[in-house]
Amino acid sequence: MVIDVRNVSKSYGDFKVLSDCNLSVNSGEVVVVCGPSGSGKSTLIKCLNGLEAVHDGFISIAGFNLTDQHADLPSVRRTVGMVFQNFELFPHLSVLRNITIAQEKVMRRTREEATDKALALLERVGLTTQKDKYPSQLSGGQQQRIAIARALAMDPQVMLFDEPTSALDPEMIGEVLDVMVELARAGMTMVCVTHEMGFAKSVADRIVFMDKGEIVDDVAKNDFFGGNASSRAQTFLRKVI
Ligand code: ADP
Ligand code: MG
C-alpha cells in the first residue's frame with residue numbers, strides 16, 4: 001500500500017475540516033477525489049505530503065509515517081510529487097533550470113545527469129522547444145506541463161494533483177490531461193483532485209467523493225458513474241457533468 005489514511009480528523013478552531021477520513025491507495029492505482037468547494041479536498045491532499053499537520057489519526061505515504069512528529073518531511077516531499085492549481089514554477093529560472101535545480105540540490109545529481117533527465121521529461125510532456133524560455137513566456141497549459149515534468153524529475157513514488165486544470169483556459173485543459181493520462185497508463189500511483197469527469201472515466205480506478213470534510217464515497221469508477229454513488233455524490237455529479 002502506498003497511501004494509508006486512517007481515522008484522520010483535523011479542525012481549524014471549531015471548524016472540522018476533515019472528519020474521520022479513511023483512504024488507502026495501492027501501488028499503480030489512480031484515485032480521483034471530487035466534491036463541492038470547501039469539502040476538504042485540498043486539506044486532505046496537503047496532509048498527504050505533510051504540508052498540513054494532522055491532529056488525529058494516522059497517515060503513511062511511500063513508507064513514511066507522517067503522524068510521527070519526527071517524520072523526515074524533506075524526504076517525504078522528495079518522494080511524493082505534488083502539482084498545484086497555480087503551477088508555482090520558479091519565475092526567475094528558465095524552464096530547463098526549473099526542472100534541474102532540485103535534482104542537483106536535493107538529489108545530488110550532476111548538472112549533466114539533471115539536464116539529460118530534464119530533456120527526456122520535456123520530450124515526454126511535448127515541450128522540448130520551450131526549454132530556454134521563462135515561465136511567464138509560456139501559456140498556462142505549458143506551465144502546468146512543466147510543473148508536472150519538474151515533479152517527475154524527482155522520480156516520485158506517488159503523484160498528488162490538486163485541481164491541476166482548474167486555473168486553465170478551456171482550450172488548454174486537454175493538453176494537461178493528456179500528460180496525466182499518459183502518466184496513469186504508465187503505472188504511476190496518483191491521487192488527483194479534479195472535476196474533469198472525462199479524465200476520471202478514462203483512467204481512474206476509484207472515485208472518492210468528499211462533502212463537508214467527510215469521505216462519503218470511495219467506490220470503483222464503474223459503480224460511481226453507474227448510479228451506485230451516494231445521493232449526495234449524484235447531486236454533485238449532475239452539477240459538474
Ligand atoms: P476544498 O479544496 O475541497 O475546496 P479546502 O480543503 O481548501 O476545501 O477547505 C476546506 C474548508 O476549510 C473550507 O471551508 C476552508 O475555508 C477551510 N480552511 C482551509 N484552510 C483553512 C485555514 N488555514 N484556516 C481556516 N480555515 C481553513
Ligand atoms: Mg481545493
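Analyst: Happy to. In helix α6, the residues I173, V176, L177, V179, M180, L183 and A184 are buried. Viewed down the helix axis, the buried residues of α6 fall within an arc of 155°, so they line one face of the helix. On the other side of α6 you will find E171 and R185, which are exposed. Please keep in mind that this is a predicted model.

Now for the helix as a whole. Helix α6 covers residues 170-185, which makes 16 residues. From its first C-alpha to its last it reaches 23 Å, close to the 22 Å expected at 1.5 Å a residue.

What lies over that buried face? Just after α6 ends, G187 takes a positive phi of about 100°.

Let's step back to the wider chain. UniProt, in an unreviewed entry, places the feature "domain: ABC transporter" at residues 3-237. Over residues 3-237 the chain is 39% helix and 26% strand. The end C-alpha atoms of that stretch are 26 Å apart.

The residues surrounding ligand 1 are Y12, V17, G35, S37, G38, S39, G40, K41, S42 and T43. Sorted by class, this shell has 2 nonpolar, 7 polar and 1 charged residues. Helix α1 (residues 41-48) gives the most to the shell around ligand 1, with 3 residues.

One is D20, with a phi of about 50°. D20 is found in strand β2, which spans residues 15-25. It has 14 C-beta neighbours inside 10 Å, so D20 counts as partly exposed. The other is K212, where phi is also positive, at about 50°. K212 lies in the loop between β9 (206-211) and β10 (214-220). With 14 C-beta neighbours inside 10 Å, K212 counts as partly exposed.

The start of the chain deserves a look too. M1 sits in the segment before β1 (3-12). M1 counts as exposed because 12 C-beta neighbours lie inside 10 Å, and a residue with 12 or fewer is called exposed. Leaving aside residues up to four places away in sequence, M1 touches S24 and N26. Along the chain M1 and A62 are 61 residues apart, while their C-alpha atoms are separated by 8.1 Å.

Finally, find T110 in the loop between α3 (95-105) and α4 (111-124). T110 has 10 C-beta neighbours inside 10 Å, so it counts as exposed.

Methods
Residues numbered from 1 in each chain as written. Chains lettered and ligands numbered in written order. Predicted model: local features only at pLDDT ≥ 70, side-chain atom pairs only at ≥ 80, totals over all residues. Helix = DSSP H or I, 4+ residues; strand = E, 2+ residues; numbered from the N terminus. Expected span 1.5 Å × (residues − 1). Buried ≥ 20, exposed ≤ 12 C-beta atoms within 10 Å, placed from the backbone. Arc of directions from axis to C-beta. Near = placed C-beta within 6 Å. Nonpolar A, V, L, I, M, F, W, Y, C, P; charged D, E, K, R; others polar. UniProt positions renumbered as here; feature names shortened; annotations may be inferred. Contact = placed C-beta atoms within 7 Å.
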